[in-house]
Amino acid sequence: EESLKASKQALRIARRNHGSESEEVANVLNVVAACLQGQGLYDRALEKFEEAYEMTAKLHGEDSHQAASVLGNISCVLVLQGKQDEALAMREKALSIKRSTVGSETMQMASALLIAGNSYAQQGMLEE
């Protein structure tokens, strides 16, 4: 509860200082969404992650590694909502973008693969 309150306050400050669409605001939206996700408020978390994605895609492009990171976050919420097929498609898109933007042998890619692996495990896809 306190983390959500603090992150919402941070969002107001970021918007006031950086405008309604900026990298800072997109980053804080991700934090707000993660707090909502942690509280089990998946619909609200998804809304905030989608808002962060739209902003990030506008700022950096849909095929940027920044946008891919947000897509990975969205896929995690979709898994928690039981939307396995949507989550898998989103995760694969995120990994493909990451692979093409940061390379397949980077720590950013390793991090994305670890997150994907956890998500696959949650879905019972242990071979992936």
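**Figure 1. Charges and overall form of the protein chain.** The protein chain carries 13 positive and 18 negative side chains, and the centres of these two sets lie 8 Å apart. The structure shown is a predicted model. Its protein chain contains six helices and zero strands, so that, read along the sequence, the pattern is α-α-α-α-α-α. Along the principal axes, the C-alpha atoms of the protein chain fill a box of roughly 45 × 30 × 20 Å. A compact globule of 128 residues would have a radius of gyration near 14 Å, and the 15 Å of the protein chain agrees with this.

Figure 2. Of the 128 residues in the protein chain, 38% are buried.

**Figure 3. Helix α3 and the helices around its buried residues.** Helix α3 covers residues 42–60, and at 1.5 Å a residue its 19 residues should span 27 Å, which agrees with the 26 Å that separates its end C-alpha atoms. The buried residues of α3 are Ala45, Leu46, Phe49, Ala52, Tyr53, Met55, Thr56 and Ala57. Against which helices do the buried residues of α3 pack? They pack against α2 (23–38), α4 (65–80) and α5 (84–102). Just after α3 comes Gly61, which takes a positive phi of about 100 degrees.

**Figure 4. Helix α4 and the setting of Ser75.** The 16 residues of α4 should span 22 Å at 1.5 Å a residue, and the end C-alpha atoms of α4 are 23 Å apart, which agrees. Buried residues in α4 include Ala67, Ala68, Val70, Leu71, Gly72, Ile74 and Ser75, and also Cys76, Val77, Leu78 and Val79. Ser75, which has its place in helix α4, counts as buried because its relative accessible area is 2%, under the cut-off of 20%. Leaving aside its neighbours within four places in sequence, Ser75 is in contact with Ala87, Met90 and Arg91. Just after α4, Gly82 takes a positive phi of about 85 degrees.

**Figure 5. Lys93 in helix α5.** Lys93 has its place in helix α5, and with a relative accessible area of 39% this residue is partly exposed, a class that lies between the cut-offs of 20% and 50%. Apart from its neighbours within four places in sequence, Lys93 is in contact with Tyr53 and Leu71. Of these two partners, Tyr53 is among the buried residues of α3, while Leu71 is among the buried residues of α4. Ala68 and Lys93 are 25 residues apart along the chain, and their C-alpha atoms are separated by 7.6 Å.

**Figure 6. Ser7 in helix α1.** The place of Ser7 is in helix α1, which covers residues 2–18. Is Ser7 buried or exposed? With a relative accessibility of 6%, Ser7 counts as buried. When its neighbours within four places in sequence are left aside, the residues in contact with Ser7 are Val28, Val31, Val32 and Cys35.

**Figure 7. Glu21 in the loop between α1 and α2.** Glu21 lies in the loop that runs between α1 and α2, and its relative accessible area of 40% makes this residue partly exposed. Which residues is Glu21 in contact with, leaving aside its neighbours within four places in sequence? They are Met55 and Lys58, and Met55 is itself one of the buried residues of α3. Glu21 and Glu54 are 33 residues apart in sequence, and from C-alpha to C-alpha they are 9.7 Å apart in space.

Terms used: Residues are numbered from 1 along each chain as its sequence is written. This is a predicted model: local features need pLDDT of at least 70, side-chain atom pairs count only at pLDDT 80 or more; totals for chains, interfaces and linings use all residues. Side-chain values use heavy atoms; hydrogens and water are left out. Helices (H or I, at least four residues) and strands (E, at least two) are DSSP runs, numbered from the N terminus. The radius of gyration is taken over C-alpha atoms; the globule rule is 2.2 Å times the number of residues to the power 0.38. Buried means under 20% relative accessible area, exposed over 50%, partly exposed in between (1.4 Å probe, protein chains only). Lys and Arg count as positive and Asp and Glu as negative; His and the chain ends are not counted. The place of a charge is taken as NZ of Lys, CZ of Arg, CG of Asp or CD of Glu. The expected span of a helix is 1.5 Å times one less than its number of residues. Contact means heavy atoms within 4.5 Å.
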